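Thank you all for making the time this morning.

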Amino acid sequence: MYDDIALDDLNARKGIIIHHPYGQDAYKGVPKDYTGRHVTKENFLAVLRGERKDVKGGSGKVLASKAYDRVFLYNSSHGELGGFHDA
């Protein structure tokens with residue numbers, strides 16, 4: 001989680017994300033293993049490969065999948081330049 005919404009300078013309520021004026025905080029209590037500068041393509045690939053030694057920062061958690069496990073990855077973006085698809 002890059003934290004680009006919760007910690008953005010334009011967010012008047014730093015660290016809080018709400019979806020409508022009277023909504024509850026949708027951010028509080030969400031587990032976050034990698035945030036901010038620790039969200040890198042290198043860490044992402046190391047997590048998928050299960051290569052804990054290659055992870056820099058964050059929780060250090062990686063997938064512990066085996067040869068016959070199936071890992072499904074869902075990516076959603078707005079298609080902006082410099083986004084995930086350019087990694």
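Predicted model: local features only at pLDDT ≥ 70, side-chain atom pairs only at ≥ 80, totals over all residues.

Let me begin with Asp3, which counts as buried because its relative accessibility is 12%, where buried means under 20% relative accessible area, exposed over 50%, and partly exposed in between, with a 1.4 Å probe and protein chains only. Asp3 has a positive phi of about 65° although it is not a glycine, and Asp3 lies in the segment before H1. Residues are numbered from 1 along each chain as its sequence is written, and side-chain values use heavy atoms, with hydrogens and water left out.

As for the overall picture, the protein has one helix and zero strands, helices (H or I, at least four residues) and strands (E, at least two) being DSSP runs numbered from the N terminus. Of the 87 residues in the protein, 16% are buried. The accessible surface comes to about 7,500 Å², with 55% of that belonging to carbon and sulfur atoms; these areas come from the Shrake-Rupley method with a 1.4 Å probe, and for residues only the protein chains shown count as cover.

Staying in the segment before H1, we also find Ala6, which is buried because its relative accessible area is 1%. If we leave aside its neighbours within four places in sequence, Ala6 is in contact (heavy atoms within 4.5 Å) with Asn11, Arg13, Lys14, Gly15, Ile16, Ile17 and Tyr27. For Ala6 and Tyr27, which are 21 residues apart along the chain, the C-alpha atoms are separated by 7.6 Å.

Turning to the helix, which residues of H1 are buried? They are Asn43, Ala46 and Val47, and seen down the axis of H1 these buried residues fall within an arc of 100°, so they line one face of the helix; the arc is that of the directions from the helix axis to the C-beta atoms. Just after H1, Gly50 takes a positive phi of about 75°.

Apart from its neighbours within four places in sequence, Val62 is in contact with Ala46, Val47, Gly50, Glu51, Arg52 and Val55.

Finally, the charged pairs: how many salt bridges are there? The count comes to two, a salt bridge being a side-chain nitrogen of Lys or Arg within 4 Å of a carboxyl oxygen of Asp or Glu. Lys61 forms one with Asp33, the closest N and O atoms being 3.6 Å apart, and this pair links distant parts of the chain, with Lys61 in the segment after H1 and Asp33 in the segment before H1, 28 residues apart. Asp33 counts as partly exposed because its relative accessibility is 31%. Lys53 forms a salt bridge with Asp54, where the closest N and O atoms are 3.2 Å apart; Lys53 counts as exposed at 67% relative accessibility, whereas Asp54, at 32%, counts as partly exposed.
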